[in-house]
Amino acid sequence: MVEIDWRKHIHSDPGILGGKPVVRGTRISVELVLEYLSEGASHAEVIDGYPSLTEADIRAAIAFSNHLMMKEADSARREAA
């Protein structure tokens with residue numbers, strides 16, 4: 001599987017949803033996408049509900065979340081050392 005550059009799909013703007021990370025060009029938050037996925041929705045179901053989203057947008061939301069988790073883990077390891 002090709003790694004996706006989430007930076008091309010996800011951004012944050014203080015004027016949109018209070019600065020929450022959103023899918024670029026929408027007001028659809030990464031949080032919302034991840035919530036649907038965590039509740040068992042398929043990528044197709046998310047796209048059916050939000051037709052402006054693409055498969056790449058959903059993968060980018062997941063990659064963004066993973067990026068944040070890795071940063072948090074690195075930070076915790078440095079502080080514990």
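I started with a rule for reading angles: 65 to 115 degrees between two axes counts as roughly perpendicular. I also noted that this is a predicted model.

**Two helices**

I looked up how α1 and α3 sit against each other. Their axes are 10 Å apart and meet at an angle of about 100°. By the rule above, α1 and α3 are therefore roughly perpendicular to each other. I then listed who makes the contact: V30, V33, L34 and L37 come from α1, while α3 brings I58, A61, I62, F64 and S65.

**The core**

Next I asked myself which residues have the most contacts inside the largest nonpolar core. I found I10, V33, V46 and L53, in a core of 15 residues. Helices α1 (30-38) and α3 each supply at least two residues of it. The largest share, four residues, comes from α3.

Setting aside neighbours within four places in sequence, I10 is in contact with P21, V22, V23, R24, V30, D57, A60, A61 and F64.

**A charged residue inside**

D57 is found in helix α3, which covers residues 55-80. Is D57 buried or exposed? I found D57 buried, yet without a salt bridge. The nearest side chain of opposite charge is R24, 8.3 Å away. For a salt bridge, the nitrogen and the carboxyl oxygen would have to be within 4 Å. Not counting residues up to four places away in sequence, D57 touches H9, I10, V23 and S52.

Definitions and conventions:
Residues numbered from 1 in each chain as written. Predicted model: local features only at pLDDT ≥ 70, side-chain atom pairs only at ≥ 80, totals over all residues. Heavy atoms only, no water. Buried < 20%, exposed > 50% of the residue type's maximum accessible area, 1.4 Å probe, protein only. Lys, Arg positive; Asp, Glu negative; His and termini not counted. Contact = heavy atoms within 4.5 Å. Core = buried A, V, L, I, M, F, W, Y, C linked by side-chain atoms within 4.5 Å. Axes fitted to C-alpha atoms, helices over the stretch in contact; angles between N-to-C directions. Parallel < 35°, antiparallel > 145°, perpendicular 65-115°, else oblique.
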